Amino acid sequence: MPKTVIVKIEDCYAQADVIEQAAAIIKSGGLVAFPTETVYGLGADAMNAAAVQKIFEAKGRPADNPLIVHVGNRDDVERVADEVSEKTWRLIERFWPGPLTLVLKRKPELPASVSAGLPSVAVRMPRNNIALELIRKAGTPLAAPSANRSGRPSGTFAAHVARDLEGRIDMILDGGATNIGIESAVLDMTTDPPMILRPGWITEETLADAVGTTERAVSQEDLYRSPGTRYRHYSPRAPVVLIEQSSCQSIEQLSRKYLEQGSVGLIGHTPVNVNDPNLYAIKLESSAYDYARSIYAALRELDEKDARVILIEGISESGEGAGVMDRLRRAASEIISHG
Ligand code: TXA
Ligand code: MG
């Protein structure tokens, strides 16, 4: 078991020595967790099959769930992907660095395990200087899933990463809270029209506008294209009940009902008037922005409090809300629609 070195980074240029140390670990086949603009990633040299294997082991990730390759410049794209179309280059020009992952044709030189044996590869360039400096100094693209134990909520603070992976990875670069808080949108460019495999902070409308039209993965067959979406995800230990549309009354009633069975965690934007020491309420703004930034930390906090059940009040599906609601539905073991 490696001892995990955790280092705070305030300025990745002033602390170039720390980035050098992390890059040396990557070059020697080790694992480094680092911040991105979405969530923390767990990185290894994408070109080194043995290093990639360690990611699956550290996370307990099923081998058939492919990883995203993070690049530090445009040239890296052609190290891992073949036949990159004009349309793809236009998207890269417009959205990178940023929270958009593109699924492209995989180059044979990239270890097949990165893509779980698929003929494609998912690629993105993160909008975070620590991540970009690390990739550039390592001189290799980084295979990096979210830095959490498989199935758990993604990490938006270094402490979340440490909680899940300390003792299992070599280093954690602590760059503070991530900006966006939910993972990148995944757009499959190997189909025509391109297909949104995972909604994210860049909205469906914006993507459709950029590429003409897009489809949204909905059928079982579509979902097969994005193996990650088959698994239970983003889940705390307590079961999650998602209340899709709510009134203050319905949330209060539900809270009371569940309190009869034990402690209740409640994440929502509607104020509730329930005074019970067994109710742990985390109040958010109703915006997609606040939900995205706070949701994984809130789920983890309620786990630490040992809530028996976690109730989450949904938000509007429009715009960026779609990505947030996608994550909440996947975290939920029960979904309630109230009028
Ligand atoms: O924002 C993000 O994307 C974060 C940060 C760290 O960059 N990464 C992340 O990685 O969320 P992960 O491994 O938790 O999710 C990757 C998703 C999964 O749903 C996976 O199935 C999909 O991308 N994916 C990866 N490669 C793919 C491929 N070749 N074809 C289709 N889907 C792919
Ligand atoms: Mg993940």
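Because the model is predicted, local features are reported only at pLDDT of at least 70 and side-chain atom pairs only at pLDDT 80 or more, whereas totals for chains, interfaces and linings use all residues. Residues are numbered from 1 along each chain as its sequence is written, chains are lettered from A and ligands numbered from 1 in the order in which they are written, and side-chain values use heavy atoms, with hydrogens and water left out.

The chain contains 11 helices and 17 strands, where helices (H or I, at least four residues) and strands (E, at least two) are DSSP runs numbered from the N terminus. Along the principal axes, the C-alpha atoms fill a box of roughly 60 × 45 × 35 Å. Of the 339 residues, 59% are buried, a term that means under 20% relative accessible area, with exposed meaning over 50% and partly exposed in between (1.4 Å probe, protein chains only). Among contacts (heavy atoms within 4.5 Å) between residues at least 6 apart in sequence, 68% join residues at least 24 apart.

Helix α5 (residues 129-138) is largely enclosed by the rest of the structure, because seven of its 10 residues are buried. These are Ile130, Ala131, Leu132, Glu133, Leu134, Ile135 and Ala138, and they pack against α1 (16-27), β2 (32-34), β4 (68-70), β8 (142-143) and β9 (171-174). At the N-terminal end, α5 is capped by asparagine 128, a side-chain oxygen of which lies 2.8 Å from the backbone nitrogen of isoleucine 130. Beyond α5 comes glycine 139, whose phi is positive, near 70°.

Helix α11 (residues 321-331) is likewise mostly covered, with nine of its 11 residues buried. The buried residues of α11 pack against β11 (195-198), β13 (240-243), α10 (288-304) and β16 (309-313). Aspartate 326, which lies in α11, counts as buried at 7% relative accessibility, and its side chain makes a polar contact with the side chain of arginine 330 at 2.8 Å; such a contact is a pair of N or O atoms within 3.5 Å, of which, within protein, one must be able to donate a hydrogen and the other to accept it, and residues adjacent in sequence count only if both atoms are side-chain atoms. Alanine 331, also found in α11, is buried with a relative accessible area of 1%, and its C-alpha atom is separated by 9.0 Å from that of arginine 152, 179 residues away along the chain.

Most residues other than glycine have a negative phi, and most peptide bonds are trans. The bond from tryptophan 96 to proline 97 is cis, with omega near -10°, and proline 97 is found in the loop between α4 (86-95) and β6 (100-106). The bond from aspartate 192 to proline 193 is also cis, with omega near -5°, and proline 193 has its place in the loop between β10 (185-188) and β11. Glutamate 83, in the loop between β5 (81-82) and α4, has a positive phi of about 50° although it is not a glycine, and counts as exposed at 64% relative accessibility. Aspartate 306, in the loop between α10 and β16, has a positive phi near 65° and, at 57% relative accessibility, is exposed.
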